[in-house]
Structure formats: C-alpha cells, structure tokens
Amino acid sequence: MRNHSSHAQHDLGYRVAAMLQVKKYGNRRLYDTEGSRYVTLEEIAERVRMGEDLKVVDAKSGQDLTQITLAQIILESRGAARLLPVSLLKQLVRMRDDALAEFF
C-alpha cells in the first residue's frame, strides 16, 4: 500500500517533495499512476496543499495538462469563479489568445 505522506525520504537523509503523477482520460477521469486508483480534483488539491508536486498528462497524447488542471482546481474548488463577474468571464472567453495573454 502506498504511503500518502507529503514527502518522500531521500537516500542522503533529507526530505524531498513527492511527485503526484496523474493521467487524465478522455472521459475526464483522473488516474493516480503511483496509487493505481482514480482520484478527484479535490484529492489532488489536498495533496498539492500538503506539499506534493504534481504532473498531469493526457493519457492518450502525453500532452502536459498540469497548468490547466491547477487552474481548474483554483476556479472550481476555491469558488474563485464566483468572484469574477459574468461580463468579465464572457470578455475573457471572447478574447484572442494574444489579447488574453496581454490581459494576464
């Protein structure tokens, strides 16, 4: 059984952050490759809060989805989306990529 501590012991005696590696499937399910089980966004968020590093990849293409997943956690699990007015969210969706990059 996997130890879910937030740190892994390094051979030299100091502690290094554990790496949570997740595959995201087309059905939007998230699979913890080390724990060999499906996980929720909230479980991932809690483990990141505890200090684990995170890497999320698309199961089919191998594309790195870490940034997208972290943004999704912030918007969904913290209720951050409720803090942004609908009009602003619509404007962000309508912006071209270069204009959106400038905005941020």
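The largest pocket of this predicted model has a volume of about 250 Å³. Its lining consists of A71, L75, L84, L88, L89, L92, L100, F103 and F104. Helix 2 (66-77), helix 3 (86-94) and helix 4 (97-103) each contribute at least two residues to the lining. Helix 3 provides the largest share, three residues.

**Overall fold and confidence**

The protein contains four helices and six strands. Along the sequence, these elements follow the order β-β-β-β-β-α-β-α-α-α. Of the 104 residues in the protein, 24% are buried. The exposed surface comes to about 7,800 Å², and carbon and sulfur atoms supply 55% of that area. Among contacts between residues at least 6 apart in sequence, 43% join residues at least 24 apart.

The mean pLDDT of the protein is 83, and 83% of the residues score at least 70. Confidence is lowest in strand 1 (residues 7-9), where the mean is 44. Strand 4 (residues 30-32) has the highest confidence, at 97. Over residues 1-15 the pLDDT stays under 50. For this stretch the model has 23 contacts beyond four places in sequence. Where pLDDT is low, the predicted coordinates should not be read in detail.

L30 is located in strand 4. Is L30 buried or exposed? L30 counts as buried because its relative accessibility is 6%, and the cut-off for a buried residue is under 20%. Beyond four places in sequence, L30 touches V22, K23, K24, R37, Y38, V39, T40, L41 and I44. In space, the C-alpha atoms of L30 and V56 lie 8.5 Å apart, with a separation of 26 residues in sequence.

The loop between strand 3 (19-24) and strand 4 holds R28. This residue, R28, has a phi near 75 degrees, which is a positive value in a residue other than glycine. R28 is exposed, because its relative accessible area is 57% and the cut-off for exposed is over 50%.

S36 belongs to the loop between strand 4 and strand 5 (37-39). Phi of S36 is also positive, near 50 degrees, and S36 is likewise a residue other than glycine.

**S77 in helix 2**

S77 is part of helix 2, one of the helices that supply the pocket lining. With a relative accessibility of 31%, S77 counts as partly exposed. Which residues does S77 contact, leaving aside its neighbours within four places in sequence? They are E42, R49 and Q72. The C-alpha atom of S77 is separated by 8.1 Å from that of A45, a residue 32 places away along the chain.

**Accessibility of individual residues**

The table lists the residues whose accessibility was discussed above.

| Residue | Relative accessibility | Class |
|---|---|---|
| L30 | 6% | buried |
| R28 | 57% | exposed |
| S77 | 31% | partly exposed |

Technical notes
Residues numbered from 1 in each chain as written. Predicted model: local features only at pLDDT ≥ 70, side-chain atom pairs only at ≥ 80, totals over all residues. Heavy atoms only, no water. pLDDT = per-residue confidence, 0-100. Contact = heavy atoms within 4.5 Å. Buried < 20%, exposed > 50% of the residue type's maximum accessible area, 1.4 Å probe, protein only. Areas by Shrake-Rupley, 256 points an atom, 1.4 Å probe, with all protein chains shown as cover. 1 Å grid on protein atoms, 1.4 Å probe; cavity = no way out; pocket = protein on both sides within 12 Å on 5 of 7 lines; lining within 4 Å. Points joined across faces, edges and corners; volume = space filled by probe spheres on them.
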